[in-house]
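Here's a quick briefing to read with the model open beside you. What stands out once you go through it topic by topic?

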Amino acid sequence: MHKLILGLAGVCLLVALALMVSGNLPMAGPFLIACFLSVAIGFRGYKNLKGFSYTVVIFAAVVTALYYPQYFVSVGDFKFSTLITPLIQLIMFGMGTSMSLDDFVGVIRMPKGVLIGVISHFIIMPSLGYFLASISGLPPEIAAGIILIGCSPNGMASNVISYLAKANLALSITITAVSTMLAPFVTPVLMKLLAGAFVEINTVHMMIDIAKMVIIPIGAGLLFNRFLSGKAVWLDNLMPYVSMFGIAFIIVIITAAGRDSLLTIGPLLLGLVLVHNLSGYFLGYWSGRLFRMSERDCRTMAIEVGMQNGGLASGIAKEMGKMATVGLAPAIFGPLMNITGSILASWWHSRMPKEERDAVQEMEYRRH
């Protein structure tokens with residue numbers, strides 16, 4: 001069945017490409033959407049591809065928003081953009097329900113790794129974002145979005161990728177928790193310093209906005225996890241799906257709002273975001289190597305530095321009133337980092353960390 005569905009996806013893609021080549025670009029839309037949805041369903045039948053299904057669904061949603069933006073901007077007098085902040089708060093609540101105070105106690109257990117991870121994250125990605133924005137030649141507000149995604153904290157996706165990459169999951173969770181709780185204070189200051197020349201930044205206002213989107217819902221999630229975890233199993237099972245839907249819908253809303261800009265500068269912005277993401281992995285890994293960290297910890301550094309909380313960055317852009325400009329880079333970064341992160345995790349998953357490999361070889365040597 002899954003092979004048949006993937007075959008259908010191939011047919012839809014061929015029809016879409018034929019329509020594009022013949023100049024019938026508007027007619028290609030439904031076939032492209034059907035192609036991505038078929039690929040997402042088809043991937044569910046393969047263990048190694050299953051993890052990519054959600055990302056492919058997001059691509060289907062983005063294509064839908066590009067072809068039919070009118071359905072994702074407003075309904076009557078109601079603007080869908082008003083849903084972004086509540087959705088971010090819901091996602092952060094979900095993040096809180098999956099955390100506990102033990103995640104913060106990890107700072108005491110692994111102070112060196114957490115310190116290096118958090119500092120590297122808030123130095124490397126903002127600096128890269130500023131450099132890329134400065135040389136991009138993009139309109140100032142769109143360029144500022146590259147800096148914004150760089151100044152944002154880690155997202156929960158980095159924990160999943162760390163697990164798949166055989167990295168240090170405990171360290172990954174702790175770095176994510178600490179960087180997220182620091183975001184209301186660090187992100188606005190970095191944005192003022194680095195993006196102030198591109199767009200007006202109200203530091204205090206941004207601090208309050210991020211606190212509303214991060215501190216309060218995560219705090220509520222922690223309390224839920226402390227007192228009600230396991231007592232509402234349906235909610236525990238539902239939250240990951242709610243978070244995935246929320247992120248996808250936020251990306252669709254921003255894509256629809258910024259459609260005209262995306263069609264004009266999309267390829268350039270995509271290239272810059274890809275360089276930002278891949279450079280984060282590379283420099284994050286070598287920041288760990290610089291401080292003589294283990295291979296597992298270096299993998300964690302790469303993932304924690306290179307992967308950002310695109311949803312939160314989108315929420316900040318919305319609160320700035322610049323969702324259709326500043327919000328574009330975060331909207332692209334989110335799906336893209338899931339693809340690159342999954343590829344990186346697959347690469348590392350099949351390769352045992354050096355320390356473990358050496359230990360195995362030592363045991364074999366002693367056995368013989």
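## Salt bridges

At 26% relative accessibility, E141 counts as partly exposed (buried is under 20% relative accessible area, exposed over 50%, partly exposed in between, with a 1.4 Å probe and protein chains only). This is a predicted model, so local features need pLDDT of at least 70 and side-chain atom pairs count only at pLDDT 80 or more, while totals for chains, interfaces and linings use all residues. Residues are numbered from 1 along each chain as its sequence is written, and side-chain values use heavy atoms, with hydrogens and water left out.

- Side chains of opposite charge can pair when their charged atoms come close.
- The structure holds six salt bridges, where a salt bridge is a side-chain nitrogen of Lys or Arg within 4 Å of a carboxyl oxygen of Asp or Glu.
- One of them joins the side chains of E141 and K322, at 3.0 Å from N to O.
- E141 sits in helix α7 (residues 140-151) and K322 in the loop between α15 (310-319) and α16, so this pair ties together parts that are 181 residues apart in sequence. Helices here are DSSP runs (H or I, at least four residues), numbered from the N terminus.
- K322 is partly exposed too, with a relative accessible area of 22%.
- R259 and D260 also meet through their side chains in a salt bridge, at 3.5 Å from N to O. R259 is partly exposed at 26%, whereas D260 is exposed at 56%.
- E295 pairs with R289 in a salt bridge whose closest N and O atoms are 2.8 Å apart. Is E295 buried or exposed? With 7% relative accessibility, E295 counts as buried, while R289 is partly exposed at 27%.
- R299 comes in as well: R289, E295 and R299 are linked in a network of salt bridges.

## Aromatic pairs

- There are ten aromatic pairs in the structure. Rings of Phe, Tyr and Trp (its six-membered ring) pair if their centres lie within 6.5 Å; planes under 30 degrees apart count as stacked, over 60 as edge-to-face and the rest as tilted.
- Take Y67 and Y68: their ring centres are 6.2 Å apart and their planes are at 45°, so the pair is tilted. Y67 is partly exposed at 21% relative accessible area, and Y68 is partly exposed at 27%.
- Why are F245 and F249 separated by about one helical turn? Because they are four residues apart in helix α12 (residues 233-257).
- F245 counts as exposed at 53% relative accessibility, but F249 counts as buried at 18%.
- F245 and F249 also belong to one aromatic cluster with F78 and F80.

## Nonpolar cores

- The largest nonpolar core has 80 residues, and L138, I147, M191 and L269 are those with the most contacts inside it. A nonpolar core is a set of buried Ala, Val, Leu, Ile, Met, Phe, Trp, Tyr and Cys residues joined through side-chain atoms within 4.5 Å.
- Helix α16 (residues 328-349) supplies the largest share of this core, ten residues.
- Another core lies apart from it, with eight residues, among them C12, A40, F43 and F52.
- Which residues does I147 touch? Not counting residues up to four places away in sequence, I147 touches G129, Y130, A133, M191, L194, A195 and F198, a contact being heavy atoms within 4.5 Å.

## Nonpolar surface patch

- L13, L14, L17, M20 and L25 make a nonpolar surface patch of about 440 Å². Such patches are made of residues with over 30% relative accessible area and no salt bridge: like charges are joined within 9 Å, nonpolar side chains (Val, Leu, Ile, Met, Phe, Trp, Tyr) within 5 Å. Accessible areas come from the Shrake-Rupley method with a 1.4 Å probe, and for residues only the protein chains shown count as cover.
- Helix α1 (residues 2-21) gives the most to this patch, with four residues.
- L25 lies in helix α2 (residues 25-43) and is partly exposed at 47%.

## Positive phi angles

- K166 has a phi near 60°, a positive value in a residue other than glycine. K166 is in the loop between α8 (157-164) and α9 (169-195) and is partly exposed at 34%.
- R292 has a phi near 55°, again positive in a residue other than glycine. R292 is in the loop between α13 (259-290) and α14 (295-306) and is exposed at 77%.

Conventions
Helices (H or I, at least four residues) and strands (E, at least two) are DSSP runs, numbered from the N terminus.
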